[in-house]
Every structure is written in C-alpha cells, then in structure tokens.
Amino acid sequence: MRAGAFLYPWDVDGDPAAPALLAGLGLAQVTLAAAYHSTRALSPRHPAHRIVTAEYAAVLYPPDPDRWNGRAPRPYPAGEWASGDAYGRAADALAGTGLDVHSWVVLAHNSRLGAEHPETSVVNAYGDRYPWAPCIARPDVHALLVDLAAEAAVRPGAAGTELESCGWYGLAHLHAHDKTGGIALGDREQYLMSLCFCPACRQGYGDEGADPDELAAAVRAALAPVWAGAGPAGGLGALEAPALAWRAGTARTFQDAAVAAVRAAAPPGFRILLHADPDPYRCGADAGTDPAHVLGLADGVVARPPKVAAFAAHARPETVVAANLSVVTGMGGAPGHLARDAGAARDAGATELRLYHAGLASDEDLHAVRTALRKLG
C-alpha cells in the first residue's frame, strides 16, 4: 500500500539527516504542514532543538501580500518556530529524496483568530465562545478560510494537499491545560456542546424553520441529565432535523468552496484530499461529511480506520481512501502492529496509509514503521 507520513517543517528544516531518514522508511510521500494550529511538539532527532512551541495558528510560509493586504481577518505568519518560508525550505530539502510532498492545511481551528476577533468564534447554547473554533457560517470566516485553503495548499513543489478541519469545529480541542474531562462526553454530547448560536447560525436555524431560542433551550434541556450524572444527553425533538440541515448544508457549502478554490489555483493533476468523517454530526479535525458528496468533490479522504468502510462504499476506482494510523507509541499509537492494522484497513477498503507522525516518533517507532512497510511491500 502507498504510505505517507505527516511532518512539520521544523522536523526537516535545519536537520541535514532528516530527508534521508524519511526516504529510508519506505514512504511514498510526506504530508508537510503549511498552515497549522498552535502546538507544543517534541522533535527528538533535530540537532538544534527538542521542543518546538508554536504559539498560535499560523501559516508556515510568507503569506501573499497582494491577497491579504487590507483584509481582516487574515492569516498570521509564524514566529521564530517556523520563520520565513519554513515550509519551502523543508520541501526543498525533501525534493531530492524521491518522496512526493503534499501540503497539510488546517482550516477551521485557530485560537489567535478567536482571541483577536471574538465575533468569529462558535458560540454554544449557553453563550460560551470557543475561540479556537471559527464559525464557518460567517461570511468573513468563510472567505478567510477558502482563500487560505487555496494559498496554503498550492505551495511550490506540492503534488497535492490534505485539508484538515474543513468543516465544523466545536468543543473537542486539546487546549492548553485542558480541564474539560471531569464529565465524560460522548459523540452526542460533543455535538450538542458544539452547536453554534452566533448571529449567523441563529439566522440559519431560523431559515430552516427552527426558532434559535427554542433550539438553544432544547440543547440545554437535552444536556441537563449529563451535568446531573443522571444519564446521557437526550434528543431535540422536532428541532433535530432543522439543526442538522443547517449544519450539514453550511459544511457542504464550505467544503465545495474550499476544494474549488484549491482546484482553481492548482496545476493539472494536483490531488486534493479531505480529512473527513462519514457522520454528519462530527465536529473537529475530521469534519462530518456526506461520503458520496465529498468523494464526488475531492480526490479522496483521510479517515480513521473505523470510518474507512463507509467511504470505501462510495469510492470510484481512482478514489483515495487513506487510513490514518498513529505510529507514536507515547501518544497511543502501535507501530509494532502497523502491518496488521494496515492489512485490516486494506480489507475495509483503504487504498493508502497515512502515518501520524514521522516527526514526533521515536527512533524505535520509526524502526517498527520501516519493518512494517517492508512487509507490506
């Protein structure tokens, strides 16, 4: 199976040994971050650093002034952790290895945007803002993220792109010193806590025939048993369908526009994949989609192994269904079982693998990856 691995520019930029190490793993491509959210990342082999602190969501290349001058909001250039054209330097270093380089673009996940422009954020049914989650229903957010998709995806030398968070973001977020685990929230509770009630979404619910105040009250009532420890969240009754219709339609419009913008900017043969989930209720990095629609729109998807079969059922012969497998033991991955897990993903319909994350993995983890990929051929 064709395998690719995720990578940050700072894993390669300034490390002369990194390109050969990556090429020796048996990979076909690297998916290199071009626009990424804030993070603190271990870089276990770099000769100049071990911890990289990306303080805010940023583009890891110089944004085009002709595109962004006079616009607000706009992308933020990275600080010292990826100064200048870090993406370009890393891509150039990888160019002679035989590995394809695809860009990795995170869209609706940006804490600094929410801090500096609070009106852009998702607002839950209790009135709490999520500054890390831009509301894709807002015209200014939609315009920002669609243009960001086009610019960040089509970097020099990139053969394709993978768009993450190309849809609704919500409550789930590994925020600094996160303290939200006191009550376990399942998929249903996460969805209810992620429904947005900003002015744009309130108008949207109304357009679908749902009074937004009644919907917010229904969400709070549905969650009441969760806070009391009396049981799982309930339903929204007759308000369930219009709420989901607004969410699904808005996500679909955003995904259509983002992919169209990338296609318009890209050369022929440029491959566009979305990190996606077949559950329309899903919020987050793998945004909820309609499998038939998204596979008619993009060239394929990157999905968690349990979700591969739902996309494979709608795939055409040329469609990419990439199973996203963690290979970092310290983050819950199982590189020692990669050959087994890859085989199971292939049986479910996966055509490719994505390995998270070559830059974060230990030498022992990468040895296991190399061994597994040799077995897989």
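User: Among contacts between residues at least 6 apart in sequence, what share joins residues at least 24 apart?

Analyst: A contact means heavy atoms within 4.5 Å. Here the share is 72%. Keep in mind that this is a predicted model: local features need pLDDT of at least 70, side-chain atom pairs count only at pLDDT 80 or more, and totals for chains, interfaces and linings use all residues. Residues are numbered from 1 along each chain as its sequence is written, and side-chain values use heavy atoms, with hydrogens and water left out.

User: How many helices and strands are there in the protein?

Analyst: Both are DSSP runs numbered from the N terminus: helices are H or I, at least four residues, and strands are E, at least two. The protein has 13 helices and 14 strands.

User: Is strand β6 buried or exposed?

Analyst: Buried means under 20% relative accessible area, exposed over 50%, partly exposed in between (1.4 Å probe, protein chains only). In β6 (residues 100-106), six of the seven residues are buried, so the strand is largely enclosed by the rest of the structure. Across the protein, buried residues make up 55% of the 377 residues.

User: Which strands pair with β6?

Analyst: Two strands pair if DSSP finds at least two bridges between them. Strand β2 (residues 29-36) pairs with β6 in the parallel sense, over six bridges. Q29 stands opposite D100 of β6. Strand β9 (residues 160-164) also runs parallel to β6, joined by five bridges. There, V105 has L163 in β9 as its bridge partner.

User: Where is Y126 found?

Analyst: Y126 sits in the loop between β7 (121-123) and β8 (129-134). Its relative accessible area is 35%, so Y126 is partly exposed.
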